[in-house]
Amino acid sequence: MTSVAHRSVLQVSDLAMHFAAPAPGDPHAVIRAVDGVDLHLRTGETLGLVGESGCGKSTLGRCLVRLYRPTRGSIVLHADGASTDIASLDDRRLRPLRRHIQMIFQDPYASLDPRMTVAEIIAEPLRVHTDLDRSGRAKAVASLLDDVGLAAAHANRFPHEFSGGQRQRIGIARAIASRPAAIVCDEPISALDVSIRAQILNLLADLQREHSLSLLFIAHDLAAVRHISHRVAVMYLGRVVEVAPAAELYARPHHPYTRALMSAAPVPDPDIERSRERILLRGEPPSPRNPPPGCPFHPRCPEARPECSSSRPALRRVGQNHEVACVLERAQGT
Ligand code: SF4
């Protein structure tokens, strides 16, 4: 794995995304999909983002590429020598900055316009965000196709002529075309056949290394996240509860939720798999419509204490590049 610079390309502070969800008797009800996230993405790193379905990780990704306008908080983008808080920028001021943050979508069948050829799809960000002329764009498209393992002859075909894995390669070529400062990969392998997931994962890892891309890799597949990530952040009910270098997090998870999550992930070694302890959590995650007070994990936490239902722990440093949001860390003074 390549070394990572210590500059941030994205700095996220107290980010929240609440959706209006009026209910009988509660016309002002909201769903708190993201509820106070602090996170940074370093230049040239892959940051994995894991958590159960509905924890807010995809919503967070969509806020970062500004498909959603966050309810509060900041997203500072460092690109082209400037730092800009893009969280609340209007469309006009956002437009020239969009090339710096691109997205690879989960569903390669829905994310490509069926009426456009592959060349047109990949050239679109070049047409919008660069001053390349038609022949410059054609050369760039050929090079991008090569980068993602497709042939130049594929350029004039339409998306329906490709398999899911090939379509995801087209989506990746489109995402890297404008040489973005950061790419949000939203579950990029989960809709693909199991047999080709590793190929796409390895392609992303290779491109990350070759081009020093900065990737936010959102997934629920813990093995895939471990394989590709320099650091990993764990989300629970709209918040980041732990973030650490990947090897450290998988070897020594601190937060009780991270420990439970890791204990449920299969391990390839059958001896370790047989002997390791599984932590079973009580119940389902609470609804983001009605998050519990205090630590959002307290109704399910095997280590909850009385104070956990009233005080909401902030992320605090417990080791080098390792942060955890849990009162136990404070109690242990680590
Ligand atoms: Fe569990 Fe309390 Fe830590 Fe939350 S703060 S994870 S409830 S011990």
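Modeller: Ala-123 lies in helix H3, and everything said here refers to a predicted model. Is Ala-123 buried or exposed? With a relative accessible area of 13%, Ala-123 is buried, because the cut-off for buried is under 20%. Leaving aside residues up to four places away in sequence, Ala-123 touches Arg-137 and Val-141. Both of these residues belong to the H4 side of a helix contact that also includes Ala-123 on the H3 side.

That contact is the next thing to look at. Helix H3 (residues 118–129) packs against helix H4 (residues 134–147) at an angle of about 115 degrees, and their axes are 9 Å apart. H3 and H4 make a right-handed crossing. From H3, the contact takes Val-118, Ala-119, Ile-122, Ala-123, Leu-126 and Arg-127, while H4 supplies Arg-137, Ala-140, Val-141, Leu-144 and Leu-145. By type, the contact of H3 with H4 has nine nonpolar residues, two charged ones and no polar ones.

Ala-123 and Leu-201 are separated by 78 residues in sequence and by 23 Å in space, C-alpha to C-alpha. Helix H5 (residues 164–177) and helix H6 (residues 194–211) have axes 10 Å apart and pack at an angle of about 15 degrees. H5 is therefore roughly parallel to H6. The crossing of H5 past H6 is right-handed. Which residues of H5 and H6 make the contact? On H5 they are Gly-165, Gln-168, Arg-169, Ile-172 and Ile-176, and on H6 they are Ile-196, Gln-199, Ile-200, Leu-203, Leu-204 and Leu-207. The contact of H5 with H6 divides into seven nonpolar residues, three polar and one charged.

E6 pairs with strand E7 (residues 182–186) in the parallel sense over four bridges. Within that pairing, Gln-102 has Ile-183 of E7 as its bridge partner, and the partner of Met-103 in E7 is Val-184.

E7 itself is largely enclosed by the rest of the structure, because five of its five residues are buried. In a regular strand, side chains alternate between the two faces of the sheet. For E7, Ala-182, Val-184 and Asp-186 are buried on one side, and Ile-183 and Cys-185 are buried on the other, which leaves both faces covered. Beyond E7 comes strand E8 (residues 215–218), which runs parallel to E7 and is joined to it by four bridges. Asp-186 has Ile-218 in E8 as its bridge partner.

His-100 is found in the loop between helix H2 (91–94) and strand E6 (101–104). His-100 is buried, with a relative accessible area of 7%. Not counting residues up to four places away in sequence, His-100 touches Leu-77, Ala-79, Asp-80, Pro-180, Ala-181 and Ala-182.

One of these, Leu-77, falls within strand E4 (72–79). E4 belongs to an open sheet of four strands, ordered E2-E1-E4-E5, in which the pairing is antiparallel. The edges are strand E2 (30–42) and strand E5 (82–85); each has a single partner strand, so one side of each lacks a neighbour in the sheet. Neighbouring strands here are turned by 15 degrees against each other on average, direction ignored. Strand E1 (residues 8–20) pairs with E2 in the antiparallel sense over 10 bridges, and Leu-15 has Val-37 of E2 as its bridge partner. Helix H1 (residues 57–64) packs on this sheet, touching E1, E2 and E4, and its direction makes about 115 degrees with that of E1.

Key:
Residues numbered from 1 in each chain as written. Predicted model: local features only at pLDDT ≥ 70, side-chain atom pairs only at ≥ 80, totals over all residues. Heavy atoms only, no water. Pairing = 2+ DSSP bridges. Helix = DSSP H or I, 4+ residues; strand = E, 2+ residues; numbered from the N terminus. Axes fitted to C-alpha atoms, helices over the stretch in contact; angles between N-to-C directions. Contact = heavy atoms within 4.5 Å. Parallel < 35°, antiparallel > 145°, perpendicular 65-115°, else oblique. Left-handed = near helix turned anticlockwise from the far one by under 90°. Nonpolar A, V, L, I, M, F, W, Y, C, P; charged D, E, K, R; others polar. Buried < 20%, exposed > 50% of the residue type's maximum accessible area, 1.4 Å probe, protein only.
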